[in-house]
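The sequence and structure are shown first.

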Amino acid sequence: MSEAAITVDHISKMYKLYDNPMDRLKESLGLSRKKRYREHFALDQVSFQVNQGETVGIIGTNGSGKSTILKIITGVLNPTSGNLSVNGRISALLELGAGFNMEYSGLENVYLNGTMIGFSREEIDQKLDAILSFADIGDFIHQPVKTYSSGMFVRLAFAVAINIDPEILIVDEALSVGDVFFQAKCYKKFEDFKKLGKTILFVSHDLGSISKYCDRVVLLNKGKKLAEGSPKEMVDLYKKVMVGLEDEAQTEAQKEGLEDAPDLTAEIPGGSGDSDSPAENPGARTVSASEGWKRPFDLNPNVLDYGNGKARIVDFTMEDGEGIPANTIEKGTEFVIRMKVEFQEKVAEPIFAYSIKNLQGTEITGTNTMYENADVSPREKGQVCEIAFRQEMNLQGGEYLLSLGCTGYVNGNFEVFHRLYDVCAITVVSVKNTVGFYDMNSVVTVR
């Protein structure tokens, strides 16, 4: 069993909210025995552990407490209650450059920050070339930081934080700084840290990065830990939280307990298993082979199936370029994704969508009827709509996952009527692969 690098034990952070400044003043001076504030818990009894050499992600909507827990771990904030244990030297990419003196030159700030972290001048001297090379701001390193552009500022701050060889790296949305070339350099350094077995605590709204880099993920919601488990399972729960289905996500999380991966098994169109009634699960309906489209391929028994039930995806299939139902598609050929949606309520402007992701959970491509400017008329209750997405397969050979959805805006608010995430696999067969996810179909001339 690996030794714990970070242990968060029932940490809470409470803020006092006053209706007006005078109430705060009266309480600070002891002039009132009456409680004049409301308690707001940015964190409420949060517990988790990060083992040495492990990469753990923290996800959640804005206001869920992600940045607060990181600031407590790094010592920027003190908890109201609970215990924290940190075993190792931390480098934190939180508010980049927060410790910089704007009057000092970039070089002076390098030494200032290194000293604050705990390095001697000799140790900083040894790392200086790597820091300057990574920041790549040239002679501006000798100019006052107050003269820097915002891009130069974050480049230097990131270079200092990530090149001091910490035992524990804490990252809060910092991998998206600078231009696209600097971002690529940042991600490369992040991957190097993982290969070296460093302990990493990673907060991001980029679910692709969370799925790619993290060994385990903690999901926070409104200051509480909702669940903890594998990246895919936590990302699936997070998607429910993002569309206002917190209660459903909470129920899923409690099936196995907060510390275990939730059981996300759900009935899917054409799937096997015990079927829920529409009242119990408005998104589920089993379509038999006799009444539905042919699907001569396996479906995911653990598909993520959710929505508010105003519409239901009751059937779907895929066809190759010959019109034959199949989920094995030859690269460079045309294929069709079909789905059938039944409306349980009147919907003015439904949006039909599909997306394709790799096995690590990164969304590769996808589209919807809104992006494609398709003419979608209002749908009445009981009406059934058939949608076909026809396109050419240009993904590299390999295995992918298909997701389907029906959403829309009701009174200006985005709603998810029904989604089927990772409903089935797509196998792309190719005799020629190129670099990356898809083929640019280059025409090469050599003279």
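## Strand residues

Strands here are DSSP runs of E of at least two residues, numbered from the N terminus. The model is predicted. By that definition, Val-8 belongs to strand 1, which covers residues 4–18. Its relative accessibility is 3%, and because buried means under 20%, Val-8 counts as buried. Beyond its neighbours within four places in sequence, Val-8 is in contact with Val-46, Ser-47, Phe-48, Ile-69, Ile-73, Asn-83 and Leu-84. One of these partners, Ile-69, lies 61 residues away along the chain, with 8.9 Å between its C-alpha atom and that of Val-8.

Thr-407 is located in strand 17. A relative accessible area of 7% places Thr-407 in the buried class. Setting aside neighbours within four places in sequence, its contacts are Glu-349, Pro-350, Ile-351, Phe-414, Glu-415, Val-416, Phe-417 and Arg-419.

## Helix 5

Helix 5 comprises 13 residues, 150–162. At 1.5 Å a residue the helix should span 18 Å, and the separation of its end C-alpha atoms, 18 Å, agrees with this. At the start of the helix, a side-chain oxygen of Ser-149 comes to within 3.2 Å of the backbone nitrogen of Met-152.

Among the buried residues are Met-152, Phe-153, Arg-155, Phe-158 and Val-160.

## Largest cavity

The structure contains one cavity of 30 Å³ or more. The largest cavity holds about 40 Å³ of space. Its lining consists of Val-110, Gly-114, Phe-119, Glu-123, Ile-124, Lys-127, Ile-131, Val-160 and Ile-164. Helix 3 (106–117) and helix 4 (121–135) are the elements that give two or more residues to this lining. Helix 4 gives the most, with four residues. By class, six lining residues are nonpolar, one is polar and two are charged. Val-160, one of the lining residues, is also among the buried residues of helix 5.

## Largest pocket

The largest pocket holds about 890 Å³ of space. It is lined by 37 residues, and Lys-239, Ser-355, Glu-363, Arg-419 and Tyr-421 lie nearest its centre. The elements that give two or more residues to its lining are helix 7 (207–213), helix 8 (231–242), strand 14 (350–358), strand 15 (363–368), strand 17 (398–410) and strand 18 (413–429). By class, the lining has 16 nonpolar, 13 polar and eight charged residues. Arg-419, one of the residues nearest the pocket centre, is also a contact of Thr-407.

Terms used:
Residues numbered from 1 in each chain as written. Predicted model: local features only at pLDDT ≥ 70, side-chain atom pairs only at ≥ 80, totals over all residues. Heavy atoms only, no water. Expected span 1.5 Å × (residues − 1). Buried < 20%, exposed > 50% of the residue type's maximum accessible area, 1.4 Å probe, protein only. Polar contact = N/O pair within 3.5 Å; in protein donor to acceptor, adjacent residues only side chain to side chain. Contact = heavy atoms within 4.5 Å. 1 Å grid on protein atoms, 1.4 Å probe; cavity = no way out; pocket = protein on both sides within 12 Å on 5 of 7 lines; lining within 4 Å. Points joined across faces, edges and corners; volume = space filled by probe spheres on them. Nonpolar A, V, L, I, M, F, W, Y, C, P; charged D, E, K, R; others polar.
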